[in-house]
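Please examine the sequence and the structure shown below.

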Amino acid sequence: MLLFPYEPPEPETPPRRALIFDLDGVLVDTLPVMRLAWQVVQDVHGIARPFEDYAAHLGRPFADIMGLLGIADVEAVHATYSSVSVAAAPAASVFDGVQDALRAFAVADWLLAVVTSKPLERAAPLVGLLGCPFAAIHTPSSRGRGKPSPDHLLLTLVDLGVDPADAIFVGDMPADREAAQRAGLRFVHAAWGYGGPGTAAVEVAQSPAGLLALLEDGSRPLTATVGSPR
């Protein structure tokens, strides 16, 4: 005779997976906007550093880049850069295949998020171009340090209620790779973006369509490449 009624355990539901994206160079091509904004910065503030020097550090907060380039009066320079970027925003475009890939992951019940070093007021219109619901967006306006610190990735995981083992970060710059490593996330380098993978040990997606290989097995071990363009 049972003293307590037996209640079978509820079946465990598999943990939801999260796919976190950098914005510039991964989801949206903003290089024409950034190039124009930097040209105006050079003209207005008498800065001789070429755009390539600035672009080499993309992925980091603006103030951090200015520090690395030895540029002072950061607030004034940032104000110029931001105002031109807002005016030139129509020159940005969504990378081919990104929207189809996002829809496929959303249909497969992945949680989607964005972690970017672009300020919220400039990031929000670009995210709006994607036509996809994101469960979390973290920018320099969020608490915590910017990339390559892991702070915003970890805060995103808290927002989503997802373990690092169930999340992937897709980026294109060294700061993205370092942030993912420090957060304990699997990292996939977006080969269509602005930077190189930096090491042969990095997992690489050759195109947005190539990311769909992650749908087939989201937990497989690190490999040299993830899918080829389909």
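Which residues in α1 meet which residues in α4? From α1 come V33, M34, L36, A37, W38, V40, V41, V44 and H45, and from α4 come A76, V77, T80, Y81, V84 and S85; contact means heavy atoms within 4.5 Å. By class, this contact has twelve nonpolar, three polar and no charged residues (Ala, Val, Leu, Ile, Met, Phe, Trp, Tyr, Cys and Pro count as nonpolar, Asp, Glu, Lys and Arg as charged, and the others, Gly among them, as polar).

This is a predicted model, in which local features need pLDDT of at least 70 and side-chain atom pairs count only at pLDDT 80 or more, while totals for chains, interfaces and linings use all residues. Residues are numbered from 1 along each chain as its sequence is written, and side-chain values use heavy atoms, with hydrogens and water left out.

The axes of α1 (residues 31-45) and α4 (residues 74-87) come within 8 Å and cross at roughly 140°; the axes are lines fitted to C-alpha atoms over the stretch in contact, with angles from 0 to 180 degrees between N-to-C directions. The two helices are therefore oblique to each other, since angles under 35 degrees count as roughly parallel, over 145 as roughly antiparallel, 65 to 115 as roughly perpendicular and the rest as oblique.

Helix α7 (residues 151-160) is mostly covered, with seven of its ten residues buried, that is, under 20% relative accessible area with a 1.4 Å probe, protein chains only. Its cover includes β1, β4, β5, β6 and α8. Of the 230 residues of the protein chain, 48% count as buried.

Methods:
Buried < 20%, exposed > 50% of the residue type's maximum accessible area, 1.4 Å probe, protein only. Helix = DSSP H or I, 4+ residues; strand = E, 2+ residues; numbered from the N terminus.
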